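Colleague: I'm new to this one and would like to learn how to read it. Could you walk me through a few features?

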Amino acid sequence: MQITLTTGQTTTQTTLSDLFKKSKQTLLYFYPKDNTPGCTLEARDFSLHLKTFLEKGIQVIGVSKDSEKSHCGFIEKQELTIPLISDPELILHKQFWTRGEKNNYGKISQWTIRSTFLLDQSGKILKERRNVKATGHVEKLMKEIML
């Protein structure tokens with residue numbers, strides 16, 4: 001399956017399997033929307049601690065349904081160092097079951113469930129965390145994964 005990976009102002013086409021092979025493990029995290037408070041906090045936390053993850057052989061990649069253009073702006077504006085995958089057709093979201101209903105003042109809509117998956121080089125899920133809070137999530141993951 002082809003995916004679009006954005007790093008700064010550069011976008012590349014690759015496959016998940018090729019992406020997983022680039023590192024011993026991959027931390028794939030799903031978030032609802034670029035440039036929103038919780039998503040910005042989480043992306044900046046992952047960027048801040050990226051070196052520590054990489055030293056342990058873990059690459060970190062964010063996934064949302066936002067466009068490549070939105071990702072480029074998000075990365076630049078927030079000075080992110082992590083790559084982002086654009087999934088507008090929700091193919092990865094469906095594969096990882098990260099879509100669900102949200103009740104916002106009586107209006108039901110489909111929304112991304114903030115989730116994180118640690119995968120090995122073959123794409124096998126080693127750990128998963130669903131419906132997480134943005135605040136403190138990265139620090140909790142670091143304690144759990146790095147020990």
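Modeller: Let's start with a term: buried means under 20% relative accessible area, exposed over 50%, and partly exposed in between (1.4 Å probe, protein chains only). This is a predicted model, where local features need pLDDT of at least 70 and side-chain atom pairs count only at pLDDT 80 or more, while totals for chains, interfaces and linings use all residues. Residues are numbered from 1 along each chain as its sequence is written, and side-chain values use heavy atoms, with hydrogens and water left out.

Colleague: Okay, which residues of H2 are buried?

Modeller: Helices (H or I, at least four residues) and strands (E, at least two) are DSSP runs, numbered from the N terminus. In H2, the buried ones are Cys39, Thr40, Glu42, Ala43, Asp45, Phe46 and Ser47. They pack against S3, H3, S4, H4 and H6, where contact means heavy atoms within 4.5 Å.

Colleague: How do I read a nonpolar core?

Modeller: Look for a set of buried Ala, Val, Leu, Ile, Met, Phe, Trp, Tyr and Cys residues joined through side-chain atoms within 4.5 Å. Here the largest has 21 residues, and Leu27, Tyr29, Phe46, Phe53, Val60, Ile82 and Leu84 have the most contacts inside it. S3, H2, H3, S4, H4 and H6 each supply at least two of its residues, and H6 gives the most, with five. A second, separate core of 14 residues includes Ile61, Ile85, Leu92 and Phe117.

Colleague: And strands: is S8 largely enclosed or open?

Modeller: In a regular strand the side chains alternate between the two faces of the sheet. Six of the six residues of S8 (115–120) are buried, so S8 is largely enclosed by the rest of the structure. On one side sit Ser115, Phe117 and Leu119, on the other Thr116, Leu118 and Asp120.

Colleague: What does S8 pair with?

Modeller: Two strands pair if DSSP finds at least two bridges between them. S8 pairs with S3 in the antiparallel sense over six bridges, with Tyr29 opposite Thr116. S8 also pairs with S9 (125–130), again antiparallel, over five bridges, and Ser115 has Arg130 as its bridge partner there. S8 and S9 form a hairpin with four residues between them, and Gly123 in the turn has a positive phi of about 90°.

Colleague: Last one: which side chains join Thr112 in a polar contact?

Modeller: A polar contact is a pair of N or O atoms within 3.5 Å; within protein, one must be able to donate a hydrogen and the other to accept it, and residues adjacent in sequence count only if both atoms are side-chain atoms. Thr112, in S7 (107–112), is buried at 5% relative accessible area. The Thr112 side chain makes such a contact with His93 at 3.4 Å and with Arg99 at 3.2 Å.
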